[in-house]
Amino acid sequence: MRTQIAIIGAGPAGLMLSHLLHLQGIESVVLETRDQQAVESTIRAGVLEQGTVDLLNQTGLGERMRKEGTQHHGIRLAFGGQQHRIDLTELTDRAITVYAQHEVLKDMIAARQAVAGQLYFEVEDVKLKELDGDRPQVHYRHNGQQQRLDCDFIIGCDGFHGISRAAMPGGLRQDYTRVYPFGWFGILVEAPPSSDELIYARHPRGFALISTRSPGVQRMYFQCDPAENVDQWSDDRIWNELESRLENHDGWSLKKGRIFQKNVVGMRSFVTEPMRCKRLLLAGDAAHIVPPTGAKGLNLAMADVCLLSQALDEFYRHKSWRRLDSYSDDALQRVWRAEHFSWWMTNMLHTHQDDSAFQQRLQLSELQYTVRSRSAMTMLAENYVGSPFQMM
Ligand code: APR
Ligand code: PHB
C-alpha cells in the first residue's frame, strides 16, 4: 500500500490530523491497535478550550458538541471553606466547553468513516522502517495479514506508550520528566450537577475536583496515592472523602448518586524535544504529557495537529519544508506554556505528605492572591482558556 501520510494512533491527535488533511486534499492512513469500541468508550477529560471548539466547528465536526456540550464562563477555586469564582469570559473574552473526549472521538471517527477514510482498528505489531531515507515505511499486521505501507511522512500520534517516540534516534532526543507522588481517583456518578461550573478544591486532606459530563452524569476526582486500589473504596468512603475535602461555609452541598465507574489516573509532566526527525513527526501525548489539573492534554494534541496539517499543506502545495522545519519549535512554545501552567495549578492545589507548615502557608497565600488580584486571576484565566490556534 502507498499513501502520503501514515498516522500511527487513532486518538484525538491522529483522528483530527487525518480529518484536516482530508479537507486539504492530502491522503492519509490511520493505524490503531485498539478496537473501535475501546477507542470510543475510554473515559478521559472533557474540557475544550475555545481554540479546540473553533477548530471542531470550522471543520464541520461541531454539531453534536454544540447540542450536547455546555459552555462555561468561569471556574471556582475552593479553599478555607469558601469558593471563589474566576470569571474566564470577563477576564479573557473567551470560554471553555465541557464535552467529553470520547464523544469528540466518536464524532471524528464518524466523519472519517462517512468519507470512507482509511482508518484501520486492531492492527498489530506496528514497526516504523527506513526512517533515514525519503520513503519511510510502516510494517504491521491486520486481519492476520502482514502489510507494508509506504509513505512520504509518518506522524506518531500513538500516545505516551506508543512506539513512535522510541523510533526517534536516542542521541537527538532530550526528554524532560516529572512524576508526581500522587494520582487522581476519578468517579462517574449518575446525579444532577453539583455546580454549574467546575470546582477545583484545595483541602488539608488533598485536592478534589467537581466536573460534569451531562445533566445526568457527573465526573469527580480526589487526590490519592498513585497506587491506590479502587476496590478498597466503598461508595460511602468515597462520598465521605469528597465531602470532607469540599467542606464549606457557603451552604453549597455535593449532590450524590450511583457511582458507576471508578479509576485512578497517574500524574506526570513530560516533554520530548525535538518533535521531528526527518520524515517522522510526533504530535499529542506521544511527545508531551501534562497532569490533568490544567485540562490541557486534548487541547495540546489539537493545537499540534493544526500546525502540522498546515506545515504538510505547505509542503505539498509549495514544495516548501519551511513550516515542517519549524514545526517542533512552533509546537513546543505552546507545549511549554501548558506544561508550566499545569505544573503550577497542580502544585497550588495538591498537598504533599512531607509539606512543612511553612509550605502549607505559602500555598494558601498563593491561592488567596490568585483569587484577589485581577492580574493573577487574568493569568490563570488566560492559560486556562488557552490562546487561539494558528489557523490557515
Ligand atoms: N500502533 C497504533 N496505535 C497505537 C500504538 C501503536 N503501536 N500505540 C498506541 N496506539 C494508539 C492508542 O491505542 C490510542 O488510541 O494511539 C492512540 C493514542 O491516543 P491518545 O493516547 O489519546 O493520545 P493523543 O491522540 O495524543 O491525545 C492526547 O488524549 O489520552 C488523552 O489525556 C490525553 O487528552 C490527552 C489526549
Ligand atoms: C474532567 O471533566 O474529566 C476534567 C475536568 C477538568 C480537569 C481535568 C479533568 O482539569
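This is a predicted model: local features need pLDDT of at least 70, side-chain atom pairs count only at pLDDT 80 or more; totals for chains, interfaces and linings use all residues.
A polar contact is a pair of N or O atoms within 3.5 Å; within protein, one must be able to donate a hydrogen and the other to accept it, and residues adjacent in sequence count only if both atoms are side-chain atoms. Residues are numbered from 1 along each chain as its sequence is written, chains are lettered from A and ligands numbered from 1 in the order in which they are written, and side-chain values use heavy atoms, with hydrogens and water left out.

- The shell around ligand 1 has 22 residues. A residue is near a molecule or strand if one of its heavy atoms lies within 4 Å of it.
- Glu32, Arg44, Gln101, Asp285 and Leu298 come nearest to ligand 1.
- By class, this shell holds nine nonpolar, eight polar and five charged residues. Ala, Val, Leu, Ile, Met, Phe, Trp, Tyr, Cys and Pro count as nonpolar, Asp, Glu, Lys and Arg as charged, and the others, Gly among them, as polar.
- Helix 1 (12–23) and helix 9 (297–318) each supply at least two residues of the shell around ligand 1. Helix 9 gives the largest share, three residues.
- Helices (H or I, at least four residues) and strands (E, at least two) are DSSP runs, numbered from the N terminus.

- The side chain of arginine 44 places an N or O atom 2.7 Å from an oxygen atom of ligand 1.
- Polar backbone atoms also take part: one of leucine 298 is 2.9 Å from a ligand 1 oxygen, and one of proline 12 is 3.1 Å from a ligand 1 oxygen.
- Ligand 1 exposes 700 Å² taken alone, and the protein buries 86% of that. Accessible areas come from the Shrake-Rupley method with a 1.4 Å probe; for residues, only the protein chains shown count as cover.

**Ligand 2: surroundings**

- Ligand 2 is surrounded by 14 residues, and Tyr200, Ser211, Arg213, Tyr221 and Pro292 are the closest.
- Nine nonpolar, three polar and two charged residues make up this shell.
- Strand 16 (208–214) and strand 17 (217–224) each supply at least two of the shell residues. Strand 16 gives the largest share, three residues.

- An N or O atom in the side chain of serine 211 is 2.6 Å from an oxygen atom of ligand 2.
- A polar backbone atom of threonine 293 is 3.3 Å from a ligand 2 oxygen.
- Taken alone, ligand 2 exposes 280 Å², of which the protein buries 99%.
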